[in-house]
Amino acid sequence: MKAYRLSETIDGPCGQLVDMDQSELTNGDTLIKIIYAGINYKDALAGTGKAPIARHLPINAGIEAIGKIVETSSDFFQSGDWVIAHGMGLGVERDGGLSEYVRCDASWLVALPQGLKPKEAAILGVAGFSAALCVDRLEQSGLLTDKGPIAVTGASGGVGSLAISMLSHQGFNVTAISSKENMDDHLHALGASDVISSSVMQNKKVLEPGKWAAAIDTIGGDSLAWLIRSSLPDGIVISIGNAGGNEVNTNVIPFILRGISLLGINANSPRPLRQRIWGRLANDLKPNNLDVISNEINLEDVTNIMELMIAGKTKGRYIVKISS
């Protein structure tokens, strides 16, 4: 079987396409033949050796996969079932989805919901699931469409793109914030009402003029700090990424003068929440423009795409067609 496997080299951890025996896979009660897998920024960090993502080496990369069950000892599923696998140590603590086969524990798999095709689920992937968690959390926090615009940073990335599409579909006014040039048409096509450059975040006042009823930040660092300072009274800021840094230099003034709420999203969710969110992704949160953000590649293209992703030269979602 073929797999994109991380191993130690003289230059540090690095990924490459290899042939391996199925018996070498990490243990699990369910064997899955992978049809699609997605490439996320976290995968790119691991595959290029830019960050110590993998807890041990060698290990197959990929934090998500869509496929069909070959065999299972669990009562949850049976052979031939389509399933979605993501998180729970895939590509970090156990062999991941950038491979022809993977072994998982059935207790954290999700059945492909009715209304969602395998390729659609792959385009959504971890990014879509994460974006849906954000939208769901905003709705549960009582946010209504007439409260004001919602800012989305990292707008051309996987989570950002899908969050824009879902929010606009739900009737929210969305402002896309991106560091990339010539993205206006693409982001408007996703549903953004307005597009602004991330260069507006250069100001570092204690408090900025209030603009956002809510914000989804996929970047972290200065981006998250700026959104906190520039939110409207009672604004909600969701943090779901750290590509721009782990440290947040902020102050208490936005919280005590404007009542800002800062919420975190952990996509490694318990199974009941996974099932509910994937159910929504097959229904009311399913974007109607998935083709706009989808780029399909082969396993042989993974290294190149990971390097481009780290360099900030990609947009949307990259899905790997593993098997037919």
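Me: Is Asp234 buried or exposed?
Reply: Buried means under 20% relative accessible area, exposed over 50%, and partly exposed in between (1.4 Å probe, protein chains only). Asp234 counts as exposed because its relative accessibility is 59%. The model is a predicted one, in which local features need pLDDT of at least 70 and side-chain atom pairs count only at pLDDT 80 or more, while totals for chains, interfaces and linings use all residues. Residues are numbered from 1 along each chain as its sequence is written, and side-chain values use heavy atoms, with hydrogens and water left out.

Me: Which residues does a cis peptide bond join?
Reply: Leu57 and Pro58 are joined by a cis peptide bond, with omega about -5 degrees. Pro58 belongs to the loop between helix H1 (41-48) and strand E4 (59-60).

Me: How many salt bridges does the structure hold?
Reply: Side chains of opposite charge can pair when their charged atoms come close. A salt bridge is a side-chain nitrogen of Lys or Arg within 4 Å of a carboxyl oxygen of Asp or Glu. The structure holds twelve. One of them pairs Asp19 with Lys2 at 3.3 Å, N to O. Asp19 lies in strand E2 (residues 12-19) and Lys2 in strand E1 (residues 2-9), so the pair ties together parts that are 17 residues apart in sequence. Asp19 is exposed at 60% relative accessibility, whereas Lys2 is partly exposed at 33%.

Me: Which distant parts of the chain does the pair Asp136 and Arg280 link?
Reply: Asp136 and Arg280 form a salt bridge, with their closest N and O atoms 2.8 Å apart. This pair links helix H2, which holds Asp136, to helix H7 (residues 271-281), which holds Arg280, across 144 residues. Both Asp136 and Arg280 are buried. Salt bridges that share partners join Asp136, Glu139, Arg276, Arg280 and Asp284 into one network.

Me: Which backbone oxygens lie by the side chain of Arg317?
Reply: A polar contact is a pair of N or O atoms within 3.5 Å; within protein, one must be able to donate a hydrogen and the other to accept it, and residues adjacent in sequence count only if both atoms are side-chain atoms. A polar atom of the Arg317 side chain lies 2.8 Å from the backbone oxygen of Ala122. The backbone oxygen of Ile123 lies 2.7 Å from a polar atom of the Arg317 side chain. Arg317 is in strand E16 (residues 317-321) and is buried, with a relative accessible area of 2%.

Definitions and conventions:
Helices (H or I, at least four residues) and strands (E, at least two) are DSSP runs, numbered from the N terminus.
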